Structure formats: C-alpha cells, structure tokens
Amino acid sequence: MEKYSAESILRAAPLGVMMTDLDWRVCFASQPLLDTLGITSEVILGEPLLNLPNKLGRADQCKELISVLTQITGHPLSQVITKVVPVHVPEKKFIRVSVSPYKASDTASGYLLLFGDSTAEGEIDEMKNEFISVASHEMRTPMTSIKGSLELLLGGYAGELPAEMTELLGICLTAVDRLIRLINDMLDVAKIESGKMQLHMDRIHVVDCAKRSIRSMKSLAEANHVSILVDEGESIPQVRADRDRLEQIITNLLANAVKYSPAEGIVTVRIHLADGSVRISVIDQGQGIPPDQIGKIFDRFQQLEGAKKGTGLGLTISRALVEQHHGRIWVESAFGKGSKFHFELPAVGPAQG
Amino acid sequence: MPEIRKVLLVEDEEDIRKVAQISLQFRGNWAVAVAVNGEECLAMAASDPPDLILLDCMMPRMDGYEACRRLKQDPVLSHIPVIFLTAKTQESEIKKGLAVGAVGYLTKPFNPMNLVEDIMKVLEEHQKPD
C-alpha cells in the first residue's frame, strides 16, 4: 500500500497543497502548485513563505497572491482564513487560498495552505463589483440634485416655510445624507474587493490622525452626550499609511463607539506600542456584542439589533483597509460591559536623513 | 480681486445645473449663463466673456479639462478664472485640473447655501502672494 501513502496522494492532488512550520517555512508543496508558481521544490523547501516572491519565476503573474500571503504570514494565525485572488497564468484565473493552523502530533505543528481553482466564483464577484460601482456612480447625480434642492428650500429660497414643512424637509435631508453615505460605502467596498482601492502611503503620526477623527465626531458625540478621551503612550513611532484611509478607519470605529454608548458615557482612544506595532484601541462603555454575533461583526450588512442608522458597512471597510495596510483588526467584548476594537499597523523607524 | 457679476456655469446634468444656477443667483446675486459641454463653454465665453467659469470635469463632446486648456491658450479669455466642480476628490484629478490652469476646485455634492462663499474662498486663496 506504499503507493497510496499520504504524501504521494498529496503530491498528485489536483489542488495545490502546501505545509509550513510555525515560522511559515515551507515543509511541503504539491507538484501542481509548484507548476503553477513556476518553481521546483528544491528552491522552496525550508524557505520562509515571505521569501517566495524572490524565488518566483512568475512573480508579476501572481502579485495579488503574494500580497495575500504576505498579509497572512505577518502574524501568528489562530483560525482559518480564506481568500479568492486573481492570477494570470497567462489567462486570468482565480484561486481560492485557504490557510489554517494544524497540529499533526504533539510535537509537529504549523500551517496548512490549500489552493483551489475558483475562477467561476471570482468572475461572478468581479461582475458584481463592477455592477455596484456603475450603479453607485449613477445614483450619485440624482442624490446631489435632491440634496441641493432640499438645502435651498430649508435655506429660505422659497421664503419662510411653515414649521411642519421645515420638519418634513429636514427628515428628507437626513435620509438623503444617509443614502449618500451608503452609496459611498458601497463604492468603497466594491473598490476594495476588486483591488482598485489605491493607497497613498506616507509616514503618519497616528495620534494626529486620531485627533482629526475625534474632531470630526464632535457633533455626533455632543448629540449623544458622550465624551471622547485620548490615552496616548509615550513616544509613539510613525506608521506607513494612507492618511485619509487611516482617519476613515478610526472615524468608523469612533462612530460605532459613540452610537452604542450610554448617555454620559466615555469613549477612550488608546494608542500605544505593542510588539513593534502601533496599536489603536477604541473602547466604549456600551452594551457590548452578544457572543453569538461577535464572529460576524465584520461581515457586510451585519448590524446588531437596535443598530442606529449606520450603513452596515463601516466595519467591513475598516477591516479591509487595515488588511490592505498589512495590519490586523479584532474585537474584544464582554456582553453588557462594552467593547474594545483594536487594530495594529507595523511601526516604522525614525525618518532617515 | 476682480469683482464677480457674471458667471458661466458649465454642467451637463440638467438638475445639478439648475440647483447650481439658483444657488449662484440666490446667494450671490450673480448673473448666470449656462452651457452643457466644453464646446458650448468656449463659444459662450468668446461671445460674452464672464468674470468666472464654473466647470464640470466629465462632460460629453468636450470635457472640462480640454475646455480649460483651450481657454488658457486664448489671449482674450485666458485671464478668466476657472474653478472645477467635480465629484472626484482623488488627488490625481485635482492635479489634472490645476495643471490645465484652473485656480481651484470644489467637490460635489456641494451645499448650494454655501457655494458662493466657497467660490470666494477659492478665489481669495488663489490671490494670496505665495
């Protein structure tokens, strides 16, 4: 039965199989995978997965895949991660990458990576994102006209209005503003998912960024009678990030924290250094997240019961943006005792010259 | 700073054009002429030169960038300040507008109650010595 050994089966499996140790050094890679990547097993065995780009003969055909692997191997993994990414070999295909921790025996453990063809799914996703982009763009123009007309009426263009009319037009304006936010968020999701979100990376002081986000939240915080405090560690290094997008992430987390805070509640933005990364935590005193919902809180259109006028996309966008910055985001929450949303971005050293 | 009495508003979307036109008349007491694309913009600017041109970027026939480039090449019209009105806040789009000679840009959706004020701010900013 030797010819049916686990290894010989794995070697011939039509889908790609790769195993690494806990330091992401490659221990095994199946033949079809090596063929797709255009390398031999001698070149790759024992190498950290992050060295893969230097070893690849076809690096530009697999750049999305490499970027996903770089993101995943940035830190230890405790759960299964699955992504669908395009490759060009040479025609465009999509592969599904699934990475999970494994423990084969008491001594040996590491990570298992499975690669499978997912072209049909990838193409449908692409069409969906294209549709959302076009539809959102088309919706923006009428929204702009409606919003502008309401602002002119409320601003006195048609003379003084009866109180009842002012109230109803005010409701219209609030609703239109919400629709515009939703359209913008949907466009962001489509852009991120299709890989068209371009980041303008710069060296950023996170504390400055957080303070700008807090300023933009001022009126919402006052309306909810919530105060926002900053708790910053000493000499926080800079991070490489897109300033507007970093602000967007913090603003999204703050908006949730403020909306779910009790009156007179305090929201804390804590910024400190953790293992070479800058960690930003947004801590609220709200009701917390029920244990059965905590796993899907970052999924699209997942809103808690009693959700307050959000688009349901804020956390999805925040997670995607953090991942695109090669960082990670997670939540700690004790039901009834508030939530702590954390994200980390790799710190960069002081500027040279 | 030149006084603004007459504005040429160039926008292909009828509803947005109407809202912007009312806004400029209501808040600025300005006379507003309208054009629906770059070609019309050039013809109208030549026949009755305005004090300011408010220009949409994406339009059929001739887009705002091309219209602005041609205005700036015309010795008679090149002094007229051009402000882009655009849905795009991307840095590259802003640079493109400034590269063809605009004094600044405003983004959509704009608040028609503040449009005149925002235009004056862009013009003031442009007048500053540095």
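How much area is buried between chain B and chain A, and what percentage of it do carbon and sulfur atoms give? I looked this up first in the model, which is predicted. The area buried between the two chains is about 1,300 Å², and carbon and sulfur atoms give 71% of that area.

**Entry: the interface**

I then asked which helix gives the most to the side of chain B that touches chain A. It is helix α1 of chain B, residues 14-28, with six residues. By residue class, I found that this side of chain B divides into nine nonpolar, three polar and three charged residues. I noted the contact list next: 15 residues of chain B are in contact with 14 residues of chain A. I searched for salt bridges between chain B and chain A and the count was zero.

I traced an open sheet of five strands in chain B, in the order β2-β1-β3-β4-β5, with parallel pairing. Its edge strands are β2 (31-35) and β5 (104-107), each of which pairs on one side only. From one strand to the next, the twist averages 25 degrees. I examined one pairing in detail: β1 (residues 6-10) and β3 (residues 52-56) of chain B run parallel and are joined by four bridges.

Helix α2 of chain B (residues 38-47) lies across β1, β2 and β3 of that chain and runs at about 140 degrees to β2(B). Helix α3 of chain B (residues 64-73) packs on the sheet and touches β3 and β4 (82-86), with its direction at about 180 degrees to that of β4(B).

**Entry: the sheet of chain A**

In chain A I again traced an open sheet of five strands, here in the order β2-β1-β5-β4-β3 and with antiparallel pairing. I recorded β2 (26-29) and β3 (81-88) of chain A as the edge strands. Direction ignored, neighbouring strands of this sheet are turned by 20 degrees against each other on average. Strand β1 (residues 16-21) of chain A is joined to the antiparallel β5 (residues 109-117) of chain A by six bridges. Within β5(A), I identified Leu112(A) as the bridge partner of Met19(A).

Two helices of chain A were checked against this sheet. Helix α5 (residues 63-72) of chain A packs on the sheet and touches β3, β4 (92-103) and β5, making about 155 degrees with the direction of β3(A). Helix α6 (residues 119-154) of chain A also packs on the sheet, touching β3, β4 and β5, and its direction makes about 115 degrees with that of β4(A).

How values were computed. Residues numbered from 1 in each chain as written. Chains lettered and ligands numbered in written order. Predicted model: local features only at pLDDT ≥ 70, side-chain atom pairs only at ≥ 80, totals over all residues. Heavy atoms only, no water. Contact = heavy atoms within 4.5 Å. Buried area = accessible area lost by both parts, 1.4 Å probe. Salt bridge = Lys/Arg side-chain N within 4 Å of Asp/Glu carboxyl O. Nonpolar A, V, L, I, M, F, W, Y, C, P; charged D, E, K, R; others polar. Pairing = 2+ DSSP bridges. Axes fitted to C-alpha atoms, helices over the stretch in contact; angles between N-to-C directions.
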